[in-house]
Amino acid sequence: LGRKITLLSAAIPVTIGLVLILVATTPEILYVSRIFCGMTYGMSYATMTMYLGEISSDKIRGSIGTLLTVMVKIGILYVYAIGPYVSISMLAWLMMILPALFVLTFIWMPETPYFLLLRNRPKDAAKSLKWLRKTDDVSEELEKMNEAVKKAQDNRGTIRELLHRNNRLGLVITMGMGACQQLCGSQALIAYSEQIFEEVASGLGGSESAIIMAVVQLIVASFSSSIVDRWGRRPLLLLSTCGVTICNTIVGVYFYLLHIEVDMDAHAWLPITTIMIFIITYTIGLATVPFALMSEIFPTNIKALATASFTLAAGICAFIVLKLYQVVSDNIGMHVSFWGFAGFSLFFVIFVYFLVPETKGRPLDVILEDMKTPFKPTLIMVTGAAVYGWTSPTLPKLLADDSPIPTTPDQSSWIASLLIIGSFAGPVITLLSAAIPVTIGLILILVATTPEMLYVSRIFCGITYGMGYASMSMYLGEISSDKIRGSIGTLLTVMAKFGILYVYAIGPYVSMSMLAWMLMILPALFVLTFIWMPETPYFLLLRNRPKDAAKSLKWLRKTDNVAEELVKMNEAVKKAQNNRGTLKDLFSRGNRLSLVICLAMGACQQLCGSQAVIAYSQQIFEEVASGLGGSESAIIMAVVQLITASFSSSIVDRWGRRPLLLLSTCGVTICNTIVGLYFYLLHIEVDMDAHAWLPITTIMIFIITYTVGLATVPFALMSELFPTNIKALATAAFTVVAGACGFGILKLYQVVSDNIGMHVSFWGFAVFSFCFFVFVYFLVPETKGRPLDVILEEMKSPFKRGKKGVSETENESTIKDP
C-alpha cells in the first residue's frame, strides 16, 4: 500500500472508536472503542516514524523525526484542556475534528522516495524528492538512496532478516526504547494524571495540574525537537533516563511517607514539582529521540517490521503498566509503583550508556554498518551479583517468627558465607557453562525445606559468582583496546551493581520462591546474549589459530585494519608461550609484585567491609531509626552503587588507577570509623535518635568511595599486570584470596556483631582499610593508557618502575591541576 495510504487509512479506526463512545451504554462498548482507538495509535507510531525518516535529510532527520512527539503532546494537551469541562459525548465530537484535519492536510503529501524506489519508480521518486527538498538538484541524494534501496532489495525483508546478527542489536535497541518509554512510568502519569494530582493537597485541582503538565510537555518537546541534531541522541537519552530515575525515586519517597502517615502538608509542592521535572526530562529524550533513532538504524527493507516490533514492545509494556498501576497503587501503595518505575528507569540508563549508538548527522548506510556491534558479555555478572545480594532481603524473612524455613542467626551467617566456598570452583569453568550452577542453586531454593538445603544452594550459586569475577576480567581485558581497556574492564562492576539492585528492589516484596523464579531470568539472558560473542584473539593465537584471531579482532574493532595490533598481540603471545604458565612462574620474580598487588586487591575488597554491607544491608539499616525501612534504605544504597560504578567506569581511563584507589581506600577508612562510632554510642546507650541520618548518609558515602575505586579498578589492573600465559592462574589466585577473606567476613560479621557489638566490626574494617591505603600509595603502579607489553616489562623492575611511575604521575598532576 505504501507509507502514505497506510497513514491515511489510520484515520478510520479512531473514527469508529469515537462513534462507539457516542453510542456507548456499557463499559464493554467502551472497551471495544478503546481497542479501535488503539489501532490508530499503533499505526501512527509504526508508520509515521518510517515516513518521517525517509523524507528528511541527514542534517535535520532528528528534528523532523521528533516532530512526531511534539504533535503527540499537542493531542494530549487538547484533550486535557477540554475534557474536564465538557460531557463525554461532546468530547468525542470535538475529538473527531482531529482525524478530519489529518486527512485534509496529509492527502496532499507525496509518497516517500525510498518507497517509490523500492517499487521501481525512479521518476516518481525524483519528483517526490524535488518536492520535499524544494530544489531540482537532488541527483546526488537520489543516487545514495538508490544504492541503499538496491542493497535492501538484495536482502528482502523478512522476520528472519530482522533477527539476523547484523540487525539484532538494532532490534534490541528499538524494543528496549519502546519498553523504556512505558516502564519509566510516563504512560501511567498521562493516563492517571488527574487522580495522581488529586492525592496531593497542593491547592490546585487535579485537572488544572494535569493541564499544566501537558503544557510543560509540549514546550519541552518543541525544545527537544530543535536541539536533537545539535546535542545528539545519546546525551539526550542519558539525561532523560537519569532524570526520570531520580524523579520517580523522589515521588516514591513522598508517597511512602504519606503511606506511613507522616504529615506532608508542608511539602505538598514536592511531588508536583518533581513530576514536572520528570515530564521535562522524559520529553527531552525518551519521548522524542527513539523515533529519530528508529528511522536510522535499520535497512529500508525491514523498517516496517522493526517499527512493528517497537509498537509491539511498547504496547505490551504500556498495557502491563496501565493495568497494574491501579492494582499495585490500591493494594500496596503508590510508592511501590513509582519505585518500580525508578528501577526500570535505572536499568535503561545502563542500557543507553552501553548499547545505544550516536547517529547524529551520519548517513544511514554508515549507521547500519555500526549496528553490527554485539552485546556486552557481562550479564553473567548481573547473575552472580544478584545471587550474592540475595541474602539482604532474604535473611530477615528467614529469621522472622513466620519464617518459611526456621533459621537461627548462626545458620544465617552460614547461608551468607557459603556462597564464597562455591566461588572457589569458578576459575575452572568456561563462561557459558557458568549459567548451569546458578540455575541448580535457584532450583534448590525453590524446593528447600531446611537451612542445610539453602547451604548447598549457596555453594552452587557461588560457583557462578566466582566464575564471573575470575574469567570475565580476562575476557574483557583481552578483547578491549589499550585506549578503553579500563572502562571496558570496569563494566564488570557496573553490571554486578545492577544485579545487586535487581535483587534488592524485588526481594523484600515477593516470596523466596518467586524471587528465585525472577532470578532465573538473568542466566537465561546471559546465555542468549553471550553465545554470539567471539573467542578472544589472545586465546586463539595461543591455540595457533591466527586466521581465527584476525577474524575475531576485525569483528571486535569493526575494521579490517588490525594488522599492527595483531602483530603486537602475536609477539606478546609468543613471549608468553616461551614461558609456559605454571605456579612457579606465577611466583617468579618478574610476576611477584603483580601477584602481591592482585592478592591484596582481592583481600581489600572484602576486608574493608563492603561485602558485609551488601549481604547484611537490610539488617544493618533496620538497626537505625531513620524513618525509612531497612529494605527501602538498601534499595537507595544499591541505586547509589550503580550510579557511582557507571561514573567510575567512564573516568577510570581519564583519572587513572592510582588516584581512584587512593580516594577509595581513604574514603572507606573514614566512613567505617564514623559508622563504628555511631554504633558504639548506641552500644553504651547514648540517645542517637536526633542523629539517625548519620550512619545512613555515611554508608552511602562509603558505597560511593568504595565503588569509585576498590570495586572497579582491581579488575582493570588484574587484566593488565600479568602475561597472557598466567592470567588464568592470577585470576584464580585473586578469587581464592578474595573468597577466603569474603567467607571470613561474612561468617564472622554476624558473630562479632551479635556477641561484642557492631561498632567492633566497623572499626575492624576501618583498620584494614587504612592498611590498604598505605599499600596502594607505595606499591600500586599507574597503568592508564599504556600498552600491555610495556606494563609487563616494567613490573619486572618494580623499584625502577616505582620511581619513574610516581614521578610521571606527580608531573602529570602538576600540569593538570596548577
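Predicted model: local features only at pLDDT ≥ 70, side-chain atom pairs only at ≥ 80, totals over all residues.
Me: What percentage of the residues in the protein chain are buried?

Reply: Buried residues are those under 20% relative accessible area. In this chain, 56% of the 818 residues are buried.

Me: How many helices and how many strands are there in the protein chain?

Reply: The protein chain has 42 helices and zero strands.

Me: Is H18 mostly covered or mostly uncovered?

Reply: Mostly covered: of the 22 residues in H18, 16 are buried.

Me: Now the contacts. Among those between residues at least 6 apart in sequence, what share join residues at least 24 apart?

Reply: A contact here means heavy atoms within 4.5 Å. Of the contacts in the protein chain between residues at least 6 apart in sequence, 81% join residues at least 24 apart.

Me: Let's zoom in on one residue. Where is Ile614, and why does it count as buried?

Reply: Ile614 sits in helix H33, which runs over residues 610–615. Ile614 counts as buried because its relative accessibility is 3%, and the cut-off is under 20%.

Me: How far apart are the C-alpha atoms of Ile614 and Ala638?

Reply: These two residues are 24 apart along the chain, and their C-alpha atoms are separated by 8.7 Å.

Me: Finally, charged pairs. How many salt bridges does the structure hold?

Reply: The test is a side-chain nitrogen of Lys or Arg within 4 Å of a carboxyl oxygen of Asp or Glu. The structure holds two salt bridges. One pairs Asp124 with Arg121, with the closest N and O atoms 3.0 Å apart. Another joins Asp548 to Arg545, where the closest N and O atoms are 3.0 Å apart.

Me: What are the relative accessible areas of Asp124, Arg121, Asp548 and Arg545?

Reply: Asp124 is partly exposed at 34%, and Arg121 is partly exposed at 39%. In the other pair, Asp548 is partly exposed at 32%, and Arg545 is partly exposed at 38%.

Methods
Residues numbered from 1 in each chain as written. Heavy atoms only, no water. Helix = DSSP H or I, 4+ residues; strand = E, 2+ residues; numbered from the N terminus. Buried < 20%, exposed > 50% of the residue type's maximum accessible area, 1.4 Å probe, protein only.
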